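Subject: Structure handover

Hello,

Here is the structure I promised to pass on. Please open it next to this message.

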Amino acid sequence: MSTRLARILTTLFVLATVLLPIYWLVSTSLKSNREITQEGTLYPHVPTLANYVRLFTEKQFGSYLTNSLVVTFVSVAIALVAGAMGAYAIARFRLPLAMEGKVGLFLLTLRIIPPVVILIPVYLLMLSLGLLDTWLGLIVTYTAFNVTFCVWMMESFFREIPVDLEEAAMVDGDSRFGAFRRITLPLAAPGLAATAIFAVLVTFNEFLFALALTATPRAMTMPRGTATLIGRIDTDWASMAAAGVIGALPIVFFALLVQRHLVRGLTMGAVK
Amino acid sequence: MTHSSRLTRRSVIKGGLGLALATTALTTLGLPMAARAAGKKVIIGAFTDGGLTPFKQKIIPQAKEAGFDVEFLEDEYGVTLEKWFADAQSGAGQYDLYLLDDPWVPQFGAANVLEDLGAGGIDGSDKDWIGSMIDMGYWPPQQGPRVKGFEDAKPTLICVPFVGDLQTLTYRNDVFTGGAPKTWDEVIAKGKEGVAAGTIKYPVVFRGVSGNPIVTSWYPIFLSFGGSFFDDKWNPIFNSAEGKASADFFVGTMKQNAPSGVVEFDSDQEGAAILGGEAGVIIQYSGNALKADDPAQTKVAGKLDFGVVPKQEKAIAQMGIFIAGVPKSAPNKANAIEFLKWYTSAETQAKLSEAGSIPVKRSAFGVAKPGNRLIPVALQQLDAGALPRPRTPDWAKVEELLGIELNKALQAGSGGGAALDTAAKQVKDYLTTAGYY
């Protein structure tokens, strides 16, 4: 009995820990700024959707959201295509001696460099290319980051797929690329989905480069646009909470769509 | 089942993508249509601040009627200085007009990235300007010490005042029943009476966060105690006897009469304390003061009045105006200068005053129906005394060094004078390294 009680209490504690921030965000988004800052209520005493309306009528949040969706999905799509081919090449072909076994580490090193270190060079590059404050500038930047991540992550997925299947297809007359596209890639789909989720999460939430590379609602992404609600004297907390709720929805939606693949993808490569 | 599930997912994805593409197309098509709708394009960059609300709501529509196609872009205060400075220096040309915080003018001036507005036809000698405000638009300064390299340079009008923001006192009229408290001693004494009567919880509230917030809150007290920041050779003298007395009063007496968490307070918390009815007085800029009569923004509407900052020796506030500069890389430079001429005309300034924002021309303070009770008080404060922060491109660094030491003393609840000695040494060392002496 005591064990059961402990389990229930532990479950409740974990649930509260996980759900409380979400509750607080949603609850705050339904309060007025006065209620948030001056009254500190546990739940909205006078629930209002005005904060959501204000985001779209006064704060150009529709543009921020559109920019985020376009930039994220285009850059992740390009990175997945390029990354899949790169990862396949590393997994299947022998590389020059000095590079054997080191490419993955090299790509990982590129990914773990603190972004702030290369922020200024990227800014100057985009300036010289005339790509500041454009979708293209962000897409190019995010794609560069995502490709390294995709290659590094997908390499292990391709290694898990028996090469015999491709060879059988080629014996039957398929080309190398055809075997890759028709045999290997479908088998690696769970890994592709897992990679896509992580890439989408990282890209959709990215702030630093969006901060440096965008200046107007034409290109500002959702996290970047939300930051404009922070004022010198007063901050629109209610709208920020509403922005948080709306901004979380596409990611939650996307994760729900591909969660089946995510679980399979995460266990690919695990010890059988 | 599996098949139907796959179809559903696919159809949902397709639907979502279709929606995203449709929204994208509408947005992309919509932006140029909006841009084509009006006449002379002017892209204004501003940091988010409640003090600009009347301008956004009332003046921009009038500007459109006057033939300007105003695009107003807001950004977070903390990033605007770096963003705009990079924009101006690199010539990226993303803005026609920056609405700067006035301490930033020296940095932009020293970098020579703003247009000469005097050459553009804006008359800085017009007697209708509030003198202390138009002075802030010149680089190098017309009066006071100058930084190295600009000793003999001719002052150029690179910015014009946009909103005449400055600190004033907001107080509870049911605690200070005889009108605005005249001295700091009165603030504390009557505030304690208000606490004892259960009308308020704390006599005073201010910002204690390290850096700009705490320095901004301490500065009017420092000025009121008779302090001066630098001598005419850029030697720090803020740790004079007057300065130390002000700092000791600030981290000691004021802290004891403020909310317990004041060390971590920024503008949101101090705004909530006064608008929520907890505090007796606050010295603040117009962003929160403009909310004092709005029941949707405050629990004590009708109980908040405005006055000149209390004095110890003098009643002097800090000025922190919005000031407009046109980058040399502005894509619509001529439009921006024409807009500024229209905006700073006596007629438009009068409309700004009627809209509730503090104007920058003296004539506009005298309109029959100013849109906010704060406006005549702001003029009283200007006449009583209001000073800008020292005109150096390195003010942000100075403020950071001083703010750290003041915050430490505030945490301790004592040692304000010693904190100023430490900060003065650090500032001196920093300015020495920067070649000031």
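Below are the ground rules, then the findings.

This is a predicted model, in which local features need pLDDT of at least 70 and side-chain atom pairs count only at pLDDT 80 or more, while totals for chains, interfaces and linings use all residues. Residues are numbered from 1 along each chain as its sequence is written, chains are lettered from A and ligands numbered from 1 in the order in which they are written, and side-chain values use heavy atoms, with hydrogens and water left out.

Chain A

Chain A has 13 helices and zero strands. Helices (H or I, at least four residues) and strands (E, at least two) are DSSP runs, numbered from the N terminus. Along the principal axes, the C-alpha atoms of chain A fill a box of roughly 70 × 70 × 30 Å.

The interface

Contact here means heavy atoms within 4.5 Å. On that rule, 37 residues of chain A are in contact with 46 residues of chain B. The buried area is about 3400 Å², and carbon and sulfur atoms give 53% of that. Buried area is the accessible area (1.4 Å probe) that two parts lose on being put together, summed over both.

Six salt bridges are counted between the two chains. Each is a side-chain nitrogen of Lys or Arg within 4 Å of a carboxyl oxygen of Asp or Glu. A:Arg232 forms a salt bridge with B:Asp165, with the closest N and O atoms 3.5 Å apart.

On the chain B side, the elements that give two or more residues are helix 1 (2-37), strand 2 (68-75), helix 3 (77-90), helix 9 (267-275) and helix 10 (286-289). Helix 1 of chain B gives the largest share, nine residues.

The sheet in chain B

Chain B holds an open sheet of five strands in the order 2-1-3-12-6, with mixed pairing. Two strands pair if DSSP finds at least two bridges between them. Strand 2 and strand 6 (159-163) of chain B stand at the edges with a single partner strand each, so one side of each is left without a neighbour in the sheet. The twist averages 30° from one strand to the next.

Strand 1 (residues 40-47) and strand 2 of chain B pair in the parallel sense over eight bridges. B:Val42 has B:Val70, in strand 2 of chain B, as its bridge partner.

Helix 11 (residues 333-343) of chain B lies across strands 1, 2, 3, 6 and 12 of chain B and runs at about 75° to strand 1 of chain B. Axes are lines fitted to C-alpha atoms, for helices over the stretch in contact, and angles run from 0 to 180 degrees between N-to-C directions.

Best wishes
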